[in-house]
Amino acid sequence: MTNGRTNAFLIVALFFWFPEVSLTNGVLTFQTKVMHLLRVEPENPKCFAEGMRDLTCFWEEREEERGSTADEYTFTYTYQNENSSNCDVAALALPLAGSRRLFFCQLARIQFFVPLDVHVLYKGQPLYSRNLFIENMFLLDPPANVTVTRTGKQGQLRVTWLPPPLKYMQKSMMYEVRYAPENSRMGKEITVEAKTELILQGLFSGTKYKLWVRVKPDGITYNGTWSVWSDPILMATPPSDMDPLIILLIVIISVILFLLSLTLLLSYGRFLLKKLWPDIPTPEQKFSGLFTVHGGDFQQWLGHSNSGRLWHPVCVYSEESPAPLEVLSEASLRPPPTLRPNSPKAPCGAAQAKEEGKDTREKEGVDSGSIDRWLEPPHARWLAEQLRAFQEHPAPLSQSSLLESQDAYVILNQNSQHANGEATEDEILEESLPLQALFSCGETSTESRSDLGSLRQSSGSGRLSSQSSFEYPNHTWPPLGPGYTYMAVADSGVSMDYSPMSASRLTDTGKGPIYTNNYKNEILAHRQLLTGQNFHSGC
Amino acid sequence: MSYSSGLFALLLMVLEWTRLGLPSPLRPICDLRVIDQFIMEARDAEAAMRACKEGCRLPGPFTVPLTRVNFDVWEKKDVQEQAREVQTGLWLLKEAISSLQVVGNSAAQSHIDSSLRNIASIGQVLHSLSIQEYIPPAGVLGEQETWRVSSASELFQVHVNFLRGKVRLLLANAPVCQQDAS
């Protein structure tokens with residue numbers, strides 16, 4: 001009976017009279033347990049057993065009992081089939097509990113596996129009562145000697161601890177391990193049954209982990225509340241280490257890839273280079289010394305070059321010399337008009353591309369009649385005549401340096417047939433219309449002609465309207481400059497292939513863009529004239 | 001003919017030899033999970049009996065063992081005394097449970113059957129631990145370690161507490177198992 005009082009006195013003394021005295025572990029643990037149970041245990045009185053030979057029950061002072069003393073409480077307990085016993089109540093003042101006091105009693109006689117009735121009376125009146133089994137009220141100390149070691153494997157730690165030193169309960173324990181990275185608040189908990197060691201897996205490499213362990217009876221024979229967490233233990237996982245096999249595989253694969261790429265590069269290097277960095281064609285070959293000696297000054301080059309004479313009036317054509325075309329037109333063509341050496345343009349016989357436009361067509365109408373003559377003779381004959389004519393008249397045919405260079409562009413003028421300028425060009429354009437070659441004349445005269453001006457934009461029209469250069473009575477030859485772009489037209493009867501010849505780069509400046517488009521063969525579809533287009537480029 | 005008789009004699013000798021080997025002690029069952037399983041089943045039976053009010057009748061009060069364990073007192077007893085106490089209690093429980101009359105409650109009946117089977121199994125476990133079988137002779141039973149119950153739920157509560165307490169303590173601290181451990 002006095003045992004409880006002595007304990008209480010000691011505790012109070014330690015708390016109040018000797019605050020500097022370091023509290024023993026047992027008292028601290030007791031205090032911790034009381035505080036813990038105050039939070040988690042709902043029933044009153046709150047009882048817990050620390051070992052196999054004790055039971056402590058306590059309760060908190062209520063508002064109604066404020067200022068009461070321990071003497072005003074009566075604590076009785078009764079085991080089944082036995083008489084009741086009394087327990088001495090003592091007061092306990094915890095510093096954290098504020099001003100409220102605690103009263104507790106430690107039972108003298110302990111019997112397990114038998115129901116126990118507990119009654120608390122305040123001033124003779126029943127205050128609390130409870131029926132319990134002591135073996136279900138365990139509140140153990142947290143596991144001691146928690147040690148953490150590395151296992152030698154990546155992301156693993158081994159945790160071991162000592163079980164509570166209770167004789168009959170060694171195999172009836174349940175543990176919980178909590179672990180979290182040092183600075184993180186997210187922790188994981190793992191429950192361990194009966195064993196006192198655990199290997200944590202799947203941890204981050206090279207991280208410091210904090211670990212706690214707690215214990216509780218497993219609930220089959222003995223039961224209780226979870227103990228408080230043990231003091232945290234810190235341990236870092238081993239830093240990440242590359243598996244040597246993985247390193248070897250990576251090296252092998254990279255070597256293989258390197259060799260493969262090297263092989264590919266060597267075998268297809270040139271091809272790839274050509275694709276990725278295509279050569280920009282330069283006309284250097286045709287103009288010897290233009291870039292090297294004269295620094296790109298064409299005028300200067302002309303003055304110095306032997307072939308400058310041939311170029312007057314300057315008419316540059318692209319370095320690419322297309323093969324002579326065979327004119328295979330089946331349509332009847334008028335014989336080409338006789339070459340008029342006088343007309344600087346007439347011998348050229350160039351046909352001009354013309355955009356659709358009724359006005360132009362109207363103009364054409366005048367010409368068409370004379371142009372009609374073109375269409376009658378067969379192509380071959382006409383072409384031969386043209387060639388002969390060019391050869392006979394080299395000078396006026398300065399533009400025909402094309403021919404000298406064995407280029408022959410012939411365009412067949414279909415539009416010319418319609419005297420009325422109707423859009424009956426379609427009739428002329430049969431599928432049989434074969435080749436159309438465009439002769440381009442040299443000089444660029446005024447560009448005031450609207451039709452010509454619009455020529456530039458007619459690239460997308462796809463409609464062919466050709467104008468005979470031979471019959472242009474009212475106006476000068478359309479300003480076909482030396483910088484024309486010529487288009488060789490090849491008609492296979494199914495499709496028309498246009499291969500535009502770009503003019504010299506020199507003459508690109510300032511004259512407008514060069515349009516090169518792929519024209520579809522609209523003869524079949526629309527029965528329209530297809531004409532090559534003149535593209536102005538400066539000459 | 002002599003061969004066949006000789007072989008027959010040999011066969012008999014072999015059989016005799018194996019028969020002699022039979023009474024050797026069983027391997028000791030030291031794993032406490034066995035008794036834990038019985039305890040869990042007994043708890044289920046107690047819960048079922050608490051629910052069974054009408055159909056589960058006990059004809060007259062029955063003597064049952066005391067289940068209380070004071071460790072100081074218990075540890076003072078030697079193993080034989082503990083064994084006797086345990087076996088007496090098991091016998092009493094067996095008598096009481098088998099006399100239960102269950103009407104119209106098949107679940108309760110199955111619990112009763114399993115409880116009786118478990119009590120028999122515990123006897124075999126004790127036997128494996130070299131604990132001699134003991135049946136209390138009539139009239140020896142004193143009032144010290146027994147008391148009387150009148151309801152089925154009380155009976156099964158005693159059954160659970162007895163298994164959890166004395167029976168388990170005896171099995172956990174059987175000398176045979178302690179020797180193996182150390």
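Guide: Of the 539 residues that make up chain A, 48% count as buried, a term that stands for under 20% relative accessible area, with exposed meaning over 50% and partly exposed the range in between (1.4 Å probe, protein chains only). This is a predicted model, in which local features need pLDDT of at least 70 and side-chain atom pairs count only at pLDDT 80 or more, while totals for chains, interfaces and linings use all residues. Residues are numbered from 1 along each chain as its sequence is written, chains are lettered from A and ligands numbered from 1 in the order in which they are written, and side-chain values use heavy atoms, with hydrogens and water left out.

Chain A holds 10 helices and 22 strands; helices (H or I, at least four residues) and strands (E, at least two) are DSSP runs, numbered from the N terminus. In chain B there are seven helices and four strands, arranged along the sequence as α-α-β-β-α-α-β-α-β-α-α. Chain B has 182 residues, of which 40% are buried.

We now turn to the interface. Here 21 residues of chain B are in contact (heavy atoms within 4.5 Å) with 22 residues of chain A. The size of an interface is often given as the accessible area lost when the parts come together. For chain B and chain A this buried area, the accessible area (1.4 Å probe) lost on being put together and summed over both, is about 2000 Å², with 48% of it on carbon and sulfur atoms. On the side of chain B, the residues that lose the most area to chain A are Arg68(B), Phe71(B) and Arg164(B), which together account for 32% of what that side buries.

Four salt bridges (a side-chain nitrogen of Lys or Arg within 4 Å of a carboxyl oxygen of Asp or Glu) are found across the interface. The side chain of Arg68(B) forms a salt bridge with that of Glu82(A), at 2.9 Å from N to O. Helices H2 (33-51), H3 (71-76) and H6 of chain B each give two or more residues to the side that touches chain A. H6(B) gives the most to that side, with six residues.

Leu169(B) lies in helix H6 of chain B and counts as buried because its relative accessible area is 3%. Apart from neighbours within four places in sequence, Leu169(B) contacts Phe113(A), Tyr168(A) and Tyr222(A), together with Val69(B), Phe71(B) and Trp74(B). Val69(B) is 100 residues from Leu169(B) along the chain, and their C-alpha atoms are separated by 9.6 Å.

The largest has 100 residues, and Leu55(A) and Phe75(A) have the most contacts inside it. Helix H6 of chain B, residues 152-172, gives the most to this core, with 11 residues.

Note on methods. A nonpolar core is a set of buried Ala, Val, Leu, Ile, Met, Phe, Trp, Tyr and Cys residues joined through side-chain atoms within 4.5 Å. Buried area is the accessible area (1.4 Å probe) that two parts lose on being put together, summed over both.
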